[in-house]
Amino acid sequence: MKRAWTRRRPSTLTRLLTALLVTALLAGGCALVPQNRRKHLADPMMSPDGDLLLTAGRRKLYTSRESAGGGDAAPAGGGCGCQ
Amino acid sequence: MRLSVVAAAAVLGFVGPPAARGAPMIAAPAPPPPIDEPVIVHAPAYQIQLIALRFTYFDQDGLGYQSAAGPALGPGSERTTVAEPQNEVVATIGDRLTERIVTSVDVVTAASPNHKLYGLPVGTPVDTISSPSRINEAEQIDSDTTYAWSRTINVGLHADYHLEEPLESWGLGMFATRAFADDNTVLAASLFQIVDWFDDFNLDGKRYGRDVRTTTNINLGVTQLLTPTTIVLGSYGFTTQGGTLTNTWNSVPLADGTRGTEIVPRRRDRHAISGRLVEWLPWQGSLRLGYRFYADSWGSVAHTVDANLSQRVGRLTLDLGARYHRQSAVDFFGTVFDPAGTGFRTADSDLAAFTAHAVSAGARWDQPIGHRGHQIYFALTGERYVRSNDLYVDFVSGALGWQQ
């Protein structure tokens, strides 16, 4: 008897991961901004995380009071007796 | 040509020490002994790039069902304050090596039992009467070393150590970045491993020895320059934890009017995907927008959005920020449980369903000094964080720094 294939719908997580990977591959294929046009991008105000010490303090505040910690290039839990 | 002639003469015996031959013959002058050229090796230049000092004060108040500081069947107090001085030093060693060291100290009120029971017999009641158990100090040091492998590849190592009264924690990690397309695209990957070692107390304050928790975290990220004024970032992080994942003294209300121990699984897997856009604004400003999706194996799903607006006015930079967070409860959350139940249970308000709002405002003053591009800066930031399940935190943070 021939086995019927069941088609599973990809989860939201799988879709987001695929979108991230495709975006990275497409975006990395060509040089978009030449070196001599990056004056604004080099400004400290364009730092994605801002002040590192302040960001670390905020991260500690959020991860110790919310269950959704970790994943932003920083481990979840660990230290502080936090879950 | 000359060398080959001399060699041939030596082989044939025409050239040699005169004493060996008894008579001066051709008598070519002996070459001077070789003298090694002195090689002067300079140590790589050690240069401090940044020194920053920051002091932050957190003031938290609210109620949570995991706290026993209240009625048996109702939420207890989560009142606490934290004073946190921090220090950051960034230095370069030569052209390729960059070292970043951060130290921080947390002085926490109403934090946790007293660690001075270490070494005493198991079952010794915790000191809940005198002041040491009402004030807790935690110290942490973080070190990041980055090596520029080539113009496009950076690799690095991370190490940290955390010490507080009932807990010690060790962390190790490695990270790497690779730039493509004339630095328009940067891919990043990192791996961290943390081991926590802490005291196991029951609800009455008796100590049952030591527990262990391990955390493994891997991250992948990409940064892309989209236009001369736009940067986008995306990242995925996976974290798996094992061991004792409760702090051991959280309690749950029981239907018979008493309190029981929190029981949670010994494994937890977390996934987080985040995206961020940074846009330069033509009036000397910038806008940061971020979104983060989170899901874990305990059943909690969360969405977080944040926005930050910066505006420069001369040497002054002003910041306004807002953040919204919404999460669902873990599968085994509740506010009252069956006393005979043995399944997973928690009443921890951090694991409940709630929304949280935060607004912040800050200012920074940059003051150039000297003629070498050095500057000092002063910064002040305030934030109010409010959770829908009865918790708020105010914090004020001030910083003083020097950089070049």
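**Exercise 1. Helix H2 of chain A**

Task: In this predicted model, compare the span of helix H2 (residues 52-63) of chain A with the expected one, and find what its buried residues pack against.

Solution: 
1. Helix H2 of chain A has 12 residues.
2. From its first C-alpha to its last, the helix reaches 16 Å, close to the 16 Å expected at 1.5 Å a residue.
3. A residue is buried if 20 or more other C-beta atoms lie within 10 Å of its own. In H2(A), the buried residues are A:Leu53, A:Leu54, A:Ala56, A:Gly57, A:Arg58, A:Lys60 and A:Thr63.

**Exercise 2. Strands E1, E3 and E4 of chain B**

Task: Trace the pairing from strand E1 through E3 to E4 in chain B, with one bridge for each pair.

Solution: 
1. Chain B has 19 strands and two helices.
2. Strand E1 (residues 46-64) runs antiparallel to strand E3 (residues 80-93), and 14 bridges join them. In one of these bridges, B:Phe58 has B:Val82 of E3(B) as its partner.
3. E3(B) also pairs with strand E4 (residues 97-109) in the antiparallel sense, over 10 bridges. Here B:Thr92 is partnered by B:Thr98 of E4(B).
4. E3(B) and E4(B) form a hairpin with three residues between them. In the turn, B:Gly94 has a positive phi of about 70°.

**Exercise 3. Strands E15, E16 and E17 of chain B**

Task: Find the strands that pair with E16 of chain B, and describe the turn between E15 and E16.

Solution: 
1. Strand E15 (residues 301-313) is joined to strand E16 (residues 316-327) by 12 bridges, and the two run antiparallel. B:Arg312 stands opposite B:Thr317 in E16(B).
2. The hairpin of E15(B) and E16(B) has two residues between the strands. B:Gly314 in this turn has a positive phi of about 65°.
3. E16(B) is also joined by 12 bridges to strand E17 (residues 354-369), again antiparallel. In that pair, B:Leu316 stands opposite B:Trp365 in E17(B).

Definitions and conventions
Residues numbered from 1 in each chain as written. Chains lettered and ligands numbered in written order. Predicted model: local features only at pLDDT ≥ 70, side-chain atom pairs only at ≥ 80, totals over all residues. Helix = DSSP H or I, 4+ residues; strand = E, 2+ residues; numbered from the N terminus. Pairing = 2+ DSSP bridges. Expected span 1.5 Å × (residues − 1). Buried ≥ 20, exposed ≤ 12 C-beta atoms within 10 Å, placed from the backbone. Contact = placed C-beta atoms within 7 Å.
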